[in-house]
Amino acid sequence: MFRHVCFIFCFLTAFSLASAEIGNEFFRAEVTLQEGGHLSKVILPGGFPAGKFGYARVYNTRAVDSLKKISARPADNGFITVGQEDILAGLELAARFDAPAGRAALDVQYTFTNRTGKDKKTGFTIQNFSGEKDGESVWFFPHDNGIYSLKRPFKELDFWLYHPADRWCAVSSSSGEGAVWLLEEKPLCFYMWLSKRNPPSVEWRQPVKVLAPGASHVEKFTVIPFRGLKKVSGAGKNIVGELKPGGAGIFAAVPGQWSFRTLDADGKITESGKFTAAAAGSVVEVKTSKPFNIMEILDGDQVIARLQQEFAAANVPDLPEYVSTDLWYGYVRWNFMVNGKKAWVVLPKKAADGKPWSWCMEFPTAFIERCATFQLLDNGYHHANIKVGNTFGAPEAQKSFRMFYDLLQRLKLKEKGVLIGISRGGLYAYRFASENPDTVSVIYGDAPVCDFRSWPGPFGKYGGSKGDWRLLKKLYGFKSDEEAKKYPGNPVDILDRLDPEKIAIIHVIGLDDKVVPPAENTYILAERWRKLGGKIKIITKEKCGHHPHGLEDPAETVNFILENNK
């Protein structure tokens with residue numbers, strides 16, 4: 001059995017499958033290099049649901065021209081997964097796996113080195129297929145409000161994003177077996193991909209950076225396979241903990257002695273003590289006599305782990321439409337049912353004066369890092385959505401929109417807000433604004449459909465979308481193409497219902513957009529809006545089609561919204 005395994009290869013150099021065993025007295029693993037962009041996989045076949053992990057990938061948020069060349073579908077946020085030559089060319093990977101004797105843990109290190117001879121702008125994501133054990137597994141993520149958990153059946157298949165309060169995430173099962181991923185450096189964010197076909201993955205992303213020729217990016221993390229814990233309340237160097245009534249269970253990856261102290265809701269120490277693990281891979285029961293909120297584990301004077309209580313929703317709205325509270329990309333989210341449709345409102349960490357809000361009318365999880373969502377939340381905005389489906393702003397959907405707006409008012413949010421219309425969401429935003437002009441102060445359109453005759457209709461330069469056009473005619477009640485063509489309620493035709501002195505507009509468009517061509521949509525709307533005396537700002541992206549939406553740095557969009565949302 002190998003204690004240390006190290007592979008070095010270049011992405012664009014052909015290589016054959018290679019594998020080796022690694023492990024120690026606590027676990028065994030198989031390290032495998034695979035073709036097709038999978039850098040490595042480690043399979044932990046023991047009695048815990050760690051499954052496959054160690055699948056690294058890179059992304060590039062500026063990969064615009066390459067989108068047409070990609071066979072794999074890019075993720076909703078515009079990241080490009082591994083295997084794309086235009087992004088990976090010249091990147092060399094060194095992968096190292098260490099399983100020291102006497103320690104119930106596996107150390108993993110990836111080193112990416114730029115061999116292109118020129119600067120390379122790249123980001124890195126480490127993806128782990130966390131596996132499941134008899135469908136009983138639970139995934140744990142730290143949050144400011146406690147430890148958040150996910151388990152089957154999942155409410156929805158989604159691309160989850162967590163801004164971690166710490167440097168770990170975990171999976172455990174009802175049998176008390178599981179694994180923790182412990183990162184050396186705090187990542188930009190955690191992801192979790194829920195799939196019908198594959199085990200859920202746990203991923204983390206590091207910010208985009210520029211690697212100079214010969215420079216490297218090093219990613220280090222440790223996997224701690226544990227037994228004897230039904231849930232994970234916190235983790236740190238060689239430590240995994242579960243809070244229990246009257247104390248905690250501590251899994252120790254190595255033998256040793258540690259200190260603990262408990263804190264109340266105000267952060268005051270209520271109790272302290274020491275505990276010893278006589279053997280690696282054992283669980284120590286730590287007993288306490290006083291109630292507490294947090295338990296800190298110390299190695300000497302250094303806090304190495306914080307054990308938190310389970311996530312608790314506070315101050316939930318007392319409204320009949322309220323359903324539940326969960327997390328959305330690391331922010332607290334209230335879920336509602338409005339007119340038979342799922343709706344939600346995401347809360348900022350601290351609400352700005354007057355409680356301003358933004359409402360993404362469609363595709364609320366698409367390109368959100370590029371479309372101002374996080375930046376508005378960080379500026380104290382609430383963020384909202386109601387799921388009306390692919391309805392193109394049709395009259396029936398407008399009823400649900402109005403009912404949802406009324407709910408926002410009962411939540412005491414600001415009277416006027418920001419509508420975000422992404423792609424076909426432009427129809428949703430402008431048609432709602434035209435019927436409810438006193439509810440809107442800013443409209444942000446991102447490659448927005450402003451005339452459904454251009455898309456999905458067949459009357460534009462590029463022919464639209466036949467299937468979507470049939471559905472649109474059905475939803476609007478049109479009997480023929482000609483009837484639809486004469487419809488007077490397109491965004492470009494209803495601007496006179498909006499007050500140009502009270503509503504500001506900003507559009508972000510790709511100049512090579514052949515799905516929603518600017519000449520048939522944004523430019524017509526802008527010309528007519530300006531004739532009415534309205535304010536509109538257009539941000540153009542050269543050599544960019546319909547995707548990716550938003551901007552690599554959405555500061556210009558955010559500043560426009562903040563300045564004009566009055």
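This is a predicted model: local features need pLDDT of at least 70, side-chain atom pairs count only at pLDDT 80 or more; totals for chains, interfaces and linings use all residues.

Me: What makes the pair of Tyr 331 and Phe 374 stacked?

Reply: Two cut-offs. Ring centres must lie within 6.5 Å, and planes under 30 degrees apart count as stacked. With 6.3 Å and 25°, Tyr 331 and Phe 374 pass, so the pair is stacked.

Me: Which parts does that pair tie together?

Reply: Tyr 331 belongs to strand 27 (residues 331–338) and Phe 374 to helix 2 (residues 373–378), so the pair links parts 43 residues apart in sequence. Both Tyr 331 and Phe 374 are buried.

Me: How do you know that the charged end of Lys 349 sits over the ring of Tyr 331?

Reply: The charged end of Lys 349 is 5.0 Å from the ring centre of Tyr 331, and the distance limit is 6 Å. Lys 349 is listed as sitting over that ring.

Me: Why does Gly 457 count as buried?

Reply: Buried means under 20% relative accessible area. Gly 457 has 0%, so that settles it: buried. You'll find Gly 457 in the loop between strand 32 (440–446) and helix 5 (466–476). Apart from neighbours within four places in sequence, Gly 457 touches Phe 452, Gly 463, Gly 464 and Trp 469.

Me: What makes helix 4 mostly covered?

Reply: In helix 4 (residues 425–435), 10 of the 11 residues are buried. Among them are Tyr 428 and Phe 432, which also belong to an aromatic cluster including Trp 357 and Trp 359.

Technical notes
Residues are numbered from 1 along each chain as its sequence is written. Side-chain values use heavy atoms; hydrogens and water are left out. Helices (H or I, at least four residues) and strands (E, at least two) are DSSP runs, numbered from the N terminus. Buried means under 20% relative accessible area, exposed over 50%, partly exposed in between (1.4 Å probe, protein chains only). Contact means heavy atoms within 4.5 Å. Rings of Phe, Tyr and Trp (its six-membered ring) pair if their centres lie within 6.5 Å; planes under 30 degrees apart count as stacked, over 60 as edge-to-face and the rest as tilted. A charge sits over a ring if NZ of Lys or CZ of Arg is within 6 Å of the ring centre and within 35 degrees of the ring normal.
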